[in-house]
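Please open the model in your viewer and keep the selection panel at hand.

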Amino acid sequence: MALLEGLGLSKRFGGVKALDQVTFSVEDGAIVGLIGPNGAGKTTLFNLVAGALRADSGKVVFDGQELTGLTASGVCRRGVARTFQVTRPFAAMTLMENVAVAWVNSPRSEGSGDWHHAARDYLRMVGLENLAHIEARHLNVVQKKRLEIARALATQPRLLLLDEVLGGLNSHEIQQAVDFIRKLRDDLRITIFWIEHVMGAIMGAAEKVIVLDQGQLLTEGPPHEVVRDPRVIQAYLGD
Amino acid sequence: MSAKRFYLFLLLAAGLFSLLPLGLGAYHMHVMIVGLFYMIMASSWNLVAGYTGQVSFAHAAFAGLGAYTSGILAAKFGLNPWIGVVLGTFTAALTGLAVGVLCLRMGGIYLSLTTLGFSEIFRIIITNEYEITRGTMGLQVPGLVGEYSKASYFFIMMAAAILTSIVTYRLIYSNMGLSFRAVQNDEKAAASLGVNVTRVRVLAFTVSSALAGMAGGLYGHYLLLITPEIPSLDQQFLVLSMTVIGGMGSFVGPIIGAFSLEILSEYIRAYGEYHVLVFGLVALVMARFAPNGIVGLASRHLMKAAAPAEPSPAAVNS
């Protein structure tokens, strides 16, 4: 069953067609990869789903309900959380407070009372517990990406949109991160929709991959089929 | 600052302040009363500018709205000034809510633009509606207490300042305050985590406007004569300077800024109205080189003194 569906999504920026009639689905409980060359429209697609941008046409359906037209905040409250490709920490707030913002605003938090316990749990999940009380501006890039994941999880989503969380990691760390994301999906029973440039990682982790090229859906399917698709190879390597 | 420490600190400060009427003459009491008025103004302005990142230029106008609502009701209709102050507070709150709902949805600079216009329009109306407000001549209003004494007004203004401190503290350090600061730090990230950015800003702006209305109402009944000087942009920029110089986005910054600038401006009163200009320039320089104001400078020096080699948390391997 599809948890998330995009139906004929289009978005223009001036004269540029960033997305053109893209239709896709993300199955409940799956890890679905979203790949494509630079400028393919991957982040634009995420922004449309997350309510950060409004589609020119088409609609987004989540769990049978339409998300189109909701604000970013409204989409999050429905159970869709995201991370940003270029991280956006609350720089002058501590890591605990960063996570707490997400937790206290989630309609799924039981009671709106003390957030300290919950915030610490989420930081522990991503291995940042020992930095809980420093301000987020002190973190390095990799730590900031982890913080984004902790914050997103603290909204207690059903669907997590990950935008290039593996950047800056070495191959050993990438393997650890992939294991971590799989474990997240299994332990928290969430669905993951994941943009990634590190092809090896996404091919190993995802059950399905969606390929975008120049704003259009190129193909979708199981990773091992997609990588053999001549159109995909051409899109990446050029003519 | 933990809640316990805050209330202890507040109690201590109130206790010390209560001793002032014993030792100060009428003039110095006046300076303290005006200082308390500016403290309320700066603290409440900071709630919006410092904590949600939206700059309002109508804070003095809201004080004027409170002062004139209460003043006109008392002077023309014989209403009890205390009830007038409460009504003035509500009028300012409702007007703030309306302006907030209209402008804050749009984000960006729209609140600044609208409030700047609102502020000037309000001042012009007050100046020209001579029949009701007596224009620049000023409207004589009754006092809050039967027998006029600086000490009683001092305690009234102090009670209002304590109320303001408690309201702002509770907002900033509540779950709502987390959202305030998140919006100030990064609006888009806050929205992506479920923070209703518009609602947060409207709430902050409404509370802030209400506090300004209350301060203005009390101030008017203290001065016994209200003029369009109260809702003027001069006053607005004075409050802005106090907050920026003291330390925007910190709890004690506006308090320090309000008292130090009020006391300072008494000393340089002889040079005319240029002090607002000078304060504005100082605020500009501070905003560029010490964006966290006096409080930021002080805490940086204190931290350096406490730990000469600041460990870089970024270097901590996790």
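Begin by selecting chain A, which holds nine helices and ten strands, these being DSSP runs (H or I of at least four residues for helices, E of at least two for strands) numbered from the N terminus. Chain A has a radius of gyration of 18 Å, close to the 18 Å of the globule rule for 239 residues, so it is as compact as a globular protein of that length; the radius is taken over C-alpha atoms, and the rule is 2.2 Å times the number of residues to the power 0.38. This is a predicted model, in which local features need pLDDT of at least 70 and side-chain atom pairs count only at pLDDT 80 or more, while totals for chains, interfaces and linings use all residues. Residues are numbered from 1 along each chain as its sequence is written, and chains are lettered from A and ligands numbered from 1 in the order in which they are written.

Next, show chain B as well: the contact takes 34 residues from chain A and 21 residues from chain B, where contact means C-beta atoms, placed from the backbone, within 7 Å. On the side of chain A, select α2 (72-78), α3 (95-104) and α5 (141-154), the elements that give two or more residues; α3(A) provides the largest share, five residues.

Finally, in chain B, select α7 (residues 150-172) and α10 (residues 197-223), whose axes come within 11 Å and cross at roughly 175 degrees. Axes are lines fitted to C-alpha atoms, for helices over the stretch in contact, with angles from 0 to 180 degrees between N-to-C directions. That makes α7(B) roughly antiparallel to α10(B), the word used for angles over 145 degrees.

Notes: Parallel < 35°, antiparallel > 145°, perpendicular 65-115°, else oblique. Contact = placed C-beta atoms within 7 Å.
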